[in-house]
Amino acid sequence: MTELIETSSPFPFYMTSRASYDDLKTSIKNRLKDSMSSLEFYQIVYPLVKSLKNPHYNLAAAMEPADASTLVYFPFSVFITGDSIVIDEHLAAPADQTLRGKYVSAINGRKTGEILSQLRQGVEYSATEIPYINYALESSFGKLLHSLSGIRGKFNIEVDGRSYAYDGVPLGLLKRKEAQGSIHDSIIQADQEQIGYLRIRDLNPGNAEEWDEKLPVFFRKLRQLKVRKLIIDMRDNYGGSTALTRKLIAYISSKKYSFGDEVSYSKDAEIIHDSAPPVAPKSVSDKFDGACILLVNAGTFSSAHMFFAAFKHYGMGITVGEPGIERYLISGELKEKELERTKCMFYYPTSNFMLPGFSETVNAPVMPDLVISGSMQDRIARKDNVLDSIVSPGHVK
């Protein structure tokens with residue numbers, strides 16, 4: 001696993017210190033024993049993967065056959081802020097609102113601060129990185145509670161001095177029910193103007209046909225209605241293929257652009273720098289020439305982040321929201337490998353990408369032009385204050 005980390009992409013340590021990685025690696029190797037179980041191996045090695053602070057590297061515990069079907073996982077989705085865990089939805093019974101919006105003080109006798117400290121694996125994050133790590137913990141809270149903390153099966157949740165007992169849920173219920181389709185479009189009526197709204201949920205290349213069907217119809221509608229403002233919502237988008245965002249850029253910009261240069265290793269372990277000079281967008285009918293606003297957040301990731309960086313660098317519009325953990329140098333082209341003895345799955349990148357605006361002297365996140373973060377109160381109430389602030393007159397023009 002460490003060989004893959006160190007040799008599969010040219011810049012595995014751009015988010016952390018190689019010396020710190022080497023020290024932790026040595027410490028972990030000294031703790032490994034032939035007699036340990038697969039889960040024990042996972043718990044010992046997982047901090048090394050997290051120390052890279054690069055979400056493209058991940059280690060998944062080997063799944064026990066019963067874990068997928070038995071009621072072992074934490075039965076709620078959660079919000080995380082600081083050292084607090086807030087209950088969101090009861091996964092087995094969404095209509096049950098008993099604990100929704102409540103701050104959890106302990107789970108099975110373990111304080112929430114202690115639990116979150118263990119899940120964060122002792123990695124220090126900067127202020128701009130914290131929203132992403134909280135977002136990532138929320139997305140995988142049930143699995144991590146199961147595999148890292150050993151909290152599973154029956155759950156006693158302490159809230160406001162009272163204890164509530166719940167059974168766990170099977171693995172299949174941990175996945176949120178996603179809305180159908182890659183793209184959602186609408187027209188927002190705001191005061192005296194109409195605003196186009198395009199929600200991009202993913203960049204799955206398998207949805208290319210949907211893009212080819214919906215984009216022409218939507219942008220034709222914008223022209224017919226004489227809409228002069230367009231909101232592109234790329235929040236909570238894990239990425240996929242930049243080929244899809246090229247389709248979108250064709251409708252919103254006439255400027256030449258590039259998503260950046262790819263850097264990888266050849267078969268002879270030589271660094272290959274694949275330069276990608278700016279290209280003109282494809283010519284399309286009904287090109288939009290009004291104001292564009294791109295919404296991003298900690299979940300705007302990978303190729304969605306690449307679109308964000310290009311959109312900002314080439315002045316395609318205004319970017320609004322909060323930064324993620326990724327920089328102007330990112331990883332990509334993922335592969336996976338099952339580790340032979342433990343059967344844990346290791347996921348790792350094989351390329352790096354230098355995005356538009358990259359500088360060897362600057363290692364900072366891509367910042368939105370206007371930083372707006374959603375509050376915990378808004379999340380509990382399911383209010384979208386970021387979108388509301390854009391739609392409200394006078395906020396962003």
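Asp286 lies in the loop that runs between strand E12 (271–274) and strand E13. The model described here is predicted. Helix H9 spans residues 303–313, and nine of its 11 residues are buried, so the helix is largely enclosed by the rest of the structure. The largest nonpolar core comprises 94 residues.

**Residues with positive phi**

- Asp286 is not a glycine, yet its phi is positive, near 60 degrees.
- The relative accessible area of Asp286 is 18%, which is under the 20% limit, so this residue counts as buried.
- Glu333, found in strand E15, likewise is not a glycine and has a positive phi of about 55 degrees.
- With a relative accessible area of 47%, Glu333 is partly exposed.

**Helix H9 and what covers it**

- The buried residues of H9 are Ser303, Ala304, His305, Met306, Phe307, Phe308, Ala309, Ala310 and Phe311.
- The cover over these buried residues includes one helix, H8 (242–252), together with strands E10 (229–233) and E13 (291–296).
- Strands E14 (318–321), E15 (329–338) and E16 (345–354) are also among the elements that cover the buried residues of H9.

**Packing of H8 against H9**

- Two packed helices are described by the angle between their axes and the distance between the axes.
- For H8 and H9, the axes come within 9 Å and cross at roughly 30 degrees.
- This angle is under 35 degrees, so H8 is roughly parallel to H9.
- The crossing by which H8 passes H9 is right-handed.
- On the H8 side, the contact is made by Thr242, Thr245, Leu248, Ile249 and Ile252; on the H9 side, by Ser303, Met306, Phe307 and Phe311.
- Six of the residues in the contact of H8 with H9 are nonpolar and three are polar, while none is charged.

**Nonpolar cores**

- Within the core of 94 residues, Phe74, Phe219, Leu230 and Ile252 are those with the most contacts.
- Ile252 touches Phe219, Leu230, Ile232, Phe288, Cys292, Phe307, Phe311 and Met316, when its neighbours within four places in sequence are left aside.

**Buried loop residues**

- Ser241 occupies the loop between E10 and H8, and its relative accessible area of 17% makes it buried.
- Not counting residues up to four places away in sequence, Ser241 touches Leu203, Pro205 and Ser303; Ser303 is also one of the buried residues of H9.
- Leu174 is situated in the loop between strand E7 (162–167) and strand E8 (183–190).
- Leu174 is buried, with a relative accessible area of 18%.
- Apart from neighbours within four places in sequence, the contacts of Leu174 are Tyr73, Phe74, Leu91, Gly142, Lys143 and Val169; Phe74 is also among the residues with the most contacts inside the largest nonpolar core.
- Leu174 and Leu145 are separated by 29 residues in sequence and by 12 Å in space, C-alpha to C-alpha.

Notes:
Residues numbered from 1 in each chain as written. Predicted model: local features only at pLDDT ≥ 70, side-chain atom pairs only at ≥ 80, totals over all residues. Heavy atoms only, no water. Buried < 20%, exposed > 50% of the residue type's maximum accessible area, 1.4 Å probe, protein only. Helix = DSSP H or I, 4+ residues; strand = E, 2+ residues; numbered from the N terminus. Contact = heavy atoms within 4.5 Å. Axes fitted to C-alpha atoms, helices over the stretch in contact; angles between N-to-C directions. Parallel < 35°, antiparallel > 145°, perpendicular 65-115°, else oblique. Left-handed = near helix turned anticlockwise from the far one by under 90°. Nonpolar A, V, L, I, M, F, W, Y, C, P; charged D, E, K, R; others polar. Core = buried A, V, L, I, M, F, W, Y, C linked by side-chain atoms within 4.5 Å.
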